[in-house]
Amino acid sequence: MRVVVAQASQRGVWDWDFALEILPDIVRGLWQTVQATLLGITIGMILGLVLALLRRSGVRLISWPTAAVIEFIRGTPLLVQLFFIFFVLPSFGITIGAFASLVIGLGIHYAAYTSESYRAGIENVVRGQWEASVALNLPPATTWTRIILPQAIPTVIPALGNYLVAMFKDAPLGAGISAGGVLLVANSIRSQTLRGVEPYTVMGILFLVVSVPAALFVRYLERKYGYERT
Amino acid sequence: MATREPEITPAADVMVRMNQINLSFGENHVLRDLDLNVAPGEKVVIIGPSGSGKTTILRVIMTLNRPNSGTVEIDGRHLYHEKNNGQLVDAGEKHIRAVRTDVSMVFQHFNLFPHMTSIENTMLAPIKVLGLSKEEARERGANLLEMVGLGDKYNQYPGELSGGQKQRVAIARSLAMRPKVMLFDEVTSALDPELVGEVLAVLTDLAKEGTMTMMLVTHEMGFASEAADRVLMFDAGNVLEEGTPEKILRDPEHKRTQRFLKAVLSH
């Protein structure tokens with residue numbers, strides 16, 4: 001009884017001073033997480049488009065392996081992929097820093113998902129647009145860049161926004177390979193101070209502070225691009 | 001583009017030559033041993049019941065449907081084949097593109113590019129395919145939009161135009177390529193009845209103007225009798241009968257044609 005009272009009076013379950021003290025470190029960690037997310041989604045959007053185009057290739061030697069790679073990436077956990085990039089690739093002579101591994105891992109993992117969105121967007125472009133391109137004898141590159149993708153990509157933007165928010169929430173997995181970021185900071189505060197309530201709570205609140213506005217932004221994108229101009 | 005000297009088959013009086021074309025979609029034999037020649041400048045109207053394969057003829061000439069067998073020549077150049085050591089072999093994409101420059105097509109459902117204005121719709125292909133400068137393409141497009149009566153709609157998007165206006169933009173867009181052969185696939189069928197006239201007026205002007213070869217699939221018999229040099233009655237994958245509009249529309253030989261015309265005219 002005495003012991004419990006002493007602990008409670010010494011430090012409650014929640015210590016405001018401690019929470020404020022660690023806030024700057026956690027914000028710094030979160031900023032790393034945001035950076036990893038922004039870099040990762042950039043890779044994910046570009047690589048996803050490339051994968052979508054390869055998968056649509058008329059050459060089966062290209063489209064089938066691409067489909068297999070996409071299924072493989074979607075079928076394995078992100079954390080395992082990060083471990084593979086950071087711990088396994090060095091055995092093959094490819095050594096990538098922890099933060100870069102996280103960015104690359106996020107990018108590749110989400111590229112597999114965005115590629116499916118792009119594919120749906122491309123297939124939503126009506127056949128008549130392809131036929132008109134033939135009737136005007138447009139070169140394939142022009143057909144893609146001026147006719148098909150400008151109509152496909154706006155319909156994909158809301159999905160890409162959702163992946164951005166999802167990636168932001170996956171990015172803390174970088175802690176598993178010590179890639180910096182907010183979870184790694186919270187972990188190290190806990191191990192140094194033996195207090196977990198404040199770091200993890202502050203982290204959770206900061207996540208909401210970023211991801212709720214981001215989700216609202218995605219809603220806005222959905223309204224803006226969700227319908228088609230015909 | 002298309003500077004390489006093409007393989008010439010002597011055929012000065014034939015603009016489109018289809019030779020023994022066969023095309024099936026699965027079990028459905030759409031074109032059967034079709035032979036069809038169209039002279040330069042000729043206006044050919046193709047009529048026939050739906051499913052008779054008449055639209056497929058145009059799609060074969062536009063390379064939208066590849067025939068299972070047979071050859072197509074445009075202005076003396078093979079479309080699907082090229083000569084290799086005197087042998088006809090399947091043509092590469094480059095060859096097909098070179099020959100296809102002579103052909104353009106207008107569709108039932110317009111197929112305008114919805115994210116581009118009228119003038120941009122007309123400018124893209126001349127710039128990308130013919131190598132025109134932006135200014136040249138804009139001038140050409142503007143003249144054509146003027147010609148189809150849309151001089152005040154340069155900067156409208158397709159979504160802001162009526163069906164008849166859309167189709168006239170689509171015609172201008174194809175004309176901007178200055179094709180030798182223009183294909184029109186039921187271009188008034190998707191229009192409200194009161195908008196059909198404005199599109200037919202443009203087509204009639206084009207036909208009367210003369211030099212361009214035109215092939216039209218249509219149910220507009222009034223247009224056919226006014227503007228066509230020849231009417232083809234198509235049924236079951238081949239030409240049932242053909243002749244001048246007067247002959248086919250007033251005095252057809254085949255019962256099938258008579259029945260078809262009766263159905264269309266009473267419609």
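## Ground rules

This is a predicted model, where local features need pLDDT of at least 70, side-chain atom pairs count only at pLDDT 80 or more, and totals for chains, interfaces and linings use all residues. Residues are numbered from 1 along each chain as written, chains are lettered from A in the order written, and side-chain values use heavy atoms, leaving out hydrogens and water.

## Where B meets A

On the chain B side, 27 residues are in contact with 19 residues of chain A (contact means heavy atoms within 4.5 Å). The buried area is about 2000 Å², with 60% of that coming from carbon and sulfur atoms; this is the accessible area (1.4 Å probe) lost on putting the two parts together, summed over both.

The rule finds one salt bridge across this interface, and the side chains in it are A:Glu131 and B:Arg59, at 2.7 Å, N to O. The cut-off here is a side-chain nitrogen of Lys or Arg within 4 Å of a carboxyl oxygen of Asp or Glu. Chain B's elements giving two or more residues to its side are helix H2 (93-100), strand S8 (103-106), helix H3 (118-128) and helix H5 (163-175). Helices (H or I, at least four residues) and strands (E, at least two) are DSSP runs, numbered from the N terminus.

## The sheet in chain B

Chain B has an open sheet of four strands in the order S2-S1-S4-S5, with antiparallel pairing; to pair, two strands need at least two DSSP bridges between them. Strands S2 (28-38) and S5 (77-78) of chain B sit at the edges, each pairing on one side only. S4 (residues 69-74) of chain B joins S5(B) over two bridges, and B:Glu73 has B:His78 as its bridge partner in S5(B).
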